[in-house]
Amino acid sequence: MKVTGASTGISLVKRGLQALIGSLLLTLPMVAQNQAPVDAAGTEVATDETPAAAANADALRKAAQNPVASLISVPLQNNDNTGISPGNRTQNVLNIQPVIPLKVSDNWNLIVRWITPIIYQPLPAPSPFPQIGVSGLGDMQPTFLLSPSKPHKVIWGAGPIIQIPTATNRFLGQGKLGLGPNFVALAMPGHFVMGVLVNNIWSVAGGGSRPYINQMLLQYFINYNMNKGWYLTTQPIITANWNSPTPSGSVWTVPFGGGVGRIMKLGFQPVNISVQAYGNAVHVPGASPWGVRATFTLLFPKLTRDQQKMMLQQKLKQMEEQSPQK
């Protein structure tokens with residue numbers, strides 16, 4: 001028996017996106033042999049004839065790892081949280097979170113990220129129905145970060161985060177409108193990109209039958225960038241539910257772990273692909289002790305007129321080289 005709280009359309013979209021991420025991650029080693037890293041503007045493929053492109057790949061890679069960079073991106077992040085009690089179940093959360101930078105003045109940018117979660121949530125159930133669960137849309141979280149547009153040694157952004165009660169089932173969301181501050185700061189010394197993002201959400205409206213929200217999220221991130229677009233990363237998400245009804249000491253979820261990723265091109269499209277695994281050293285009783293995060297991100301670097309012309313010339317050259325010989 002399975003309870004479903006979403007339409008067939010949402011389920012099909014979720015399965016399709018999961019299949020896309022899974023297939024890309026499975027083919028990453030094979031693709032990596034045939035695709036080359038991109039340069040800062042995303043206009044060149046690194047070859048023996050264009051060695052400068054490989055040297056400049058670092059700029060795009062660091063922009064993709066910067067939460068307040070002036071770079072349009074569309075991350076698809078799939079999270080499998082395993083070992084949930086009872087029954088050693090797995091929760092799945094697919095986050096669709098496009099990032100759009102907006103120029104508000106010569107000195108300031110506004111970075112808009114809109115997080116839309118599609119969730120499968122296992123539920124406790126007695127035998128003979130151990131696999132009962134619900135799936136559908138969770139609570140959306142739009143975030144807004146105002147950030148200086150000119151580069152500094154320490155890059156930062158600040159603004160509000162909003163939680164909208166859009167969940168299609170009561171088990172998939174908190175049923176409250178939430179609001180709070182959101183802050184990020186980072187630095188890029190040498191091969192590293194390192195920083196921290198923190199926010200806290202309080203409920204400001206919603207059904208009186210649902211618990212009041214007071215929850216914190218803290219994510220520190222450390223990326224070490226290597227050759228040919230590869231990088232090592234750790235990005236654990238630490239959470240605290242200050243109103244947790246569970247016994248003392250069950251407020252925190254504290255994961256440790258990391259993974260590997262690569263900035264590369266699929267054809268002429270720059271992408272960022274990564275796989276990470278985390279174990280929860282501290283977690284709420286019955287919650288997941290460990291999980292896997294797989295991310296596939298489309299990158300859309302801003303191109304000048306000359307760079308767009310160069311891109312078109314490269315596409316034309318590639319089409320000519322691939323045309324069948326008579």
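In strand S15 (residues 290-300), Thr295 is the bridge partner of Ser274. Strands S14 (residues 269-282) and S15 pair in the antiparallel sense over nine bridges; two strands are taken to pair if DSSP finds at least two bridges between them. Strands (E, at least two residues) and helices (H or I, at least four) are DSSP runs, numbered from the N terminus. The model is predicted, so that local features need pLDDT of at least 70 and side-chain atom pairs count only at pLDDT 80 or more, while totals for chains, interfaces and linings use all residues. Residues are numbered from 1 along each chain as its sequence is written, and side-chain values use heavy atoms, with hydrogens and water left out.

S14 also pairs with strand S13, again in the antiparallel sense, through 13 bridges. Within this pairing, Val254 stands opposite Val282 of S14. The hairpin of S13 and S14 has two residues between the strands, and Gly267 takes a positive phi near 70° there.

A further run of paired strands involves S8, S9 and S10. Strand S8 (residues 176-187) runs antiparallel to strand S9 (residues 192-206), and 10 bridges join them. Four residues lie between S8 and S9 in their hairpin, where Gly190 in the turn has a positive phi of about 60°. On its other listed pairing, S9 is joined to strand S10 (residues 214-225) by 11 bridges, in the antiparallel sense. Val198 of S9 is the bridge partner of Phe183, and Val198 has Leu218 as its bridge partner in S10.

The protein as a whole holds five helices and 15 strands. Of its 326 residues, 43% are buried, where buried means under 20% relative accessible area, exposed over 50% and partly exposed in between (1.4 Å probe, protein chains only). Among contacts with a separation of 6 or more, 58% are accounted for by residues 24 or more positions apart; a contact means heavy atoms within 4.5 Å.

The largest nonpolar core has 10 residues: Val68, Val99, Ile111, Leu145, Ile155, Val184, Leu186, Val193, Leu197 and Phe221. Such a core is a set of buried Ala, Val, Leu, Ile, Met, Phe, Trp, Tyr and Cys residues joined through side-chain atoms within 4.5 Å. The elements giving two or more residues to this core are S8 and S9. Not counting residues up to four places away in sequence, Val184 touches residues including Val68, Leu145, Ile155, Leu197 and Phe221. Other residues touched by Val184 include Pro67, Trp156, Gly157 and Val196.

Ile161 belongs to strand S7 and is buried, with a relative accessible area of 3%. Its neighbours within four places in sequence aside, Ile161 is in contact with residues including Gln141, Pro142, Thr143, Asn199 and Ile201. The contacts of Ile161 also include Gly178, Leu179, Gly180, Pro181 and Asn182.

Three aromatic pairs are present in the structure. Rings of Phe, Tyr and Trp (its six-membered ring) pair if their centres lie within 6.5 Å; planes under 30 degrees apart count as stacked, over 60 as edge-to-face and the rest as tilted. Trp108 and Trp156 form an edge-to-face pair, at 5.8 Å centre to centre and with 75° between the planes. Because Trp108 lies in strand S4 (residues 108-122) and Trp156 in strand S7 (residues 154-163), the pair ties together parts that are 48 residues apart in sequence. Trp108 is partly exposed at 31% relative accessible area, and Trp156 is partly exposed at 32%. Another edge-to-face pair is formed by Trp242 and Trp252, with ring centres 5.4 Å apart and planes at 90°. Trp242 lies in the loop between strand S12 (237-241) and strand S13 (252-266), and Trp252 lies in S13, 10 residues apart. Relative accessibility is 37% for Trp242, which counts as partly exposed, and 33% for Trp252, also partly exposed.

A search of the whole structure finds one salt bridge, defined as a side-chain nitrogen of Lys or Arg within 4 Å of a carboxyl oxygen of Asp or Glu. The salt bridge is formed by Lys103 and Asp106, with the closest N and O atoms 3.8 Å apart. Both Lys103 and Asp106 are exposed.
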